[in-house]
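Here is a short briefing on one protein model. Look at the structure first, then work through the points below.

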Amino acid sequence: MKRDSSNQGAPSARASTDSSPEPILTRRRLLQRAGGGFGLIGLAGLLHQEGLLEAPACAAGGLGNLALNPMAPRPAHFPGRAKRVIWIFINGGPSQVDTWDYKPALARWNGKSMREFDATFKNTTGFFKDQVGGLMKSPFRFRPRGECGKMVSELFPYLGQHVDKMAFIHSAYTESNNHSPALFMMNTGLPRMGFPCVGSWVTYGLGSENQSLPGFVVMSDPRGRGLPKGQAANWGAAFLPGVYQGTHLRPKGSPIDNLERAGGMSDAQQRAQLDLIKQFNRIHQEQDQNQGERELAARIESFELAYRMQSAAPEAIAIDSEPAHIQRLYGLDDPRCEHVARQCLTARRMVERGVRFVQIYSGGMENQRSWDGHADIKGNHEQFAGETDKPVAGLLADLAQRGLLDETLVIWGGEFGRLPIAQTGQKPGRDHNPHGFTLWMAGGGIKGGVSYGESDEVGYAAAVDKVHVNDIHATVLHLLGLEHERLTYNYNGRRFRLTDVGGQVLKKIL
């Protein structure tokens, strides 16, 4: 049928009079209809990679409404035995053969060359090649403790009462004999900076049960001995959103900045000020198409958290309100350990209020300021064990009597161990040892009164059922209900995880 030429300039008239069928799909209509669809498919793919399309019920795997409330509590991959973690980080490297790994053979080998025991030993420690002595027996006596009969050093008269709650790992090993990379390895799963720490991964996966307190809290040495090597990178979130980094409670003065409202400002005025700041930040965030958007979102949340903390945090850290018998249980009446007692009691009050992860560093920067006993191993370990033994034992007892230990995983351990040979000097010490060391876990689904793995006859290297740091992390995540291979984050085109490309759950201690 011919079209009426008189209607060619009037589309509406043509549409009403032209009865000829039009092509079902022209090239122009294809682009018009499908072009937006391709864009939406791409957008959906990007959102899925970030876990923002998943239902909240799949939070630990897909992270649900993470962008809307990054610290909201989220279900785990499966029901976990532990809900929270307290890690007593024995900074500097405790000597396994002087604490928990009893080696009677050291007395028989005392003074002999390490090469007689291990011909491959290169007669160097990696740091002090001119101070390599012979094998050295422990200066501390050991005796059996608890129903399990665990041999425990005299360094721990109080913690020895709790060995039936503990699972000891005697075959741990790591990849560096230097403090900074070993600290990064134990905290982040890799021996270099730039990766998220355990506490950040845990709060990223599970959120926090208290929106008015940080989900992840860190406490360091309050006696002026400094921060651990690597400092804040040990509790940083790296490429995870900044909201998941640890909140460091300062050891002196106000533990957190701006806990008190500025003088002369009412709550309503402060709330209006924060709302205005949030409005400006949101406008900037909508215009920002770069990586900085995540940092800005974290900054907005930090303002809000700081506001909520002004009422919640002072109450949480008010340990002087605790009954006198609880303060004595932790050792607040003992000047030798009062500082660690305050930290352990604060940790209990924090997890009791829903904080997900607490880390306490025993000791400061290095050498005699921490468990880094290069000289005078006896004096060094007596000092730091004396500072921590009663407070940590009090923490275990208090958690147990409150019914919290079953849901709280407590970890004791450092970045590596120490050699069974003497580092010579006026008072002999021990040098670093990444080849074998000991740590223990208690509560939170741990089988008590057991030991896993073995070091060799003199405690030099892990020998039976060797445990890599990735295995420790996999076990911690498993106890929290997180599958370490599924807890991932896409960054620079790769899916990263805490356990890198390794990790086996230590099922025999569960």
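Start with helix H13, where Val469, Asn470, Asp471, Ile472, His473, Ala474, Thr475, Val476, Leu477 and Leu479 are buried. Keep in mind that this is a predicted model.

**Helix H13**
- H13 spans residues 469–479.
- Of its 11 residues, 10 are buried, so the rest of the structure largely encloses this helix.
- Gly481 follows H13, and its phi is positive, near 85°.

**The cavity**
- How many cavities of 30 Å³ or more does the structure hold? It holds one.
- The largest cavity has a volume of about 40 Å³.
- Its lining is formed by Thr188, Leu190, Phe195, Pro196, Trp201, Phe239, Phe496, Arg497 and Leu498.
- Seven of these lining residues are nonpolar, one is polar and one is charged.

**The loop between E8 and H12**
- Strand E8 covers 357–362 and helix H12 covers 377–401, with Asn367 in the loop between them.
- Asn367 is not a glycine, yet its phi is positive, about 50°.
- Is Asn367 buried or partly exposed? Its relative accessible area is 35%, so Asn367 counts as partly exposed.
- Asp376 is also found in the loop between E8 and H12.
- Asp376 is a residue other than glycine, and its phi is positive too, near 55°.
- With a relative accessible area of 22%, Asp376 is partly exposed. Buried means under 20%, so Asp376 does not count as buried.

Definitions and conventions. Residues are numbered from 1 along each chain as its sequence is written. This is a predicted model: local features need pLDDT of at least 70, side-chain atom pairs count only at pLDDT 80 or more; totals for chains, interfaces and linings use all residues. Side-chain values use heavy atoms; hydrogens and water are left out. Buried means under 20% relative accessible area, exposed over 50%, partly exposed in between (1.4 Å probe, protein chains only). Helices (H or I, at least four residues) and strands (E, at least two) are DSSP runs, numbered from the N terminus. On a 1 Å grid over the protein atoms alone, a cavity is a set of points where a 1.4 Å probe fits but cannot get out, and a pocket is an open set with protein on both sides within 12 Å along at least five of seven lines; lining residues have an atom within 4 Å of a point. Grid points are joined across faces, edges and corners, and a volume is the space filled by probe spheres set on the points. Ala, Val, Leu, Ile, Met, Phe, Trp, Tyr, Cys and Pro count as nonpolar, Asp, Glu, Lys and Arg as charged, and the others, Gly among them, as polar.
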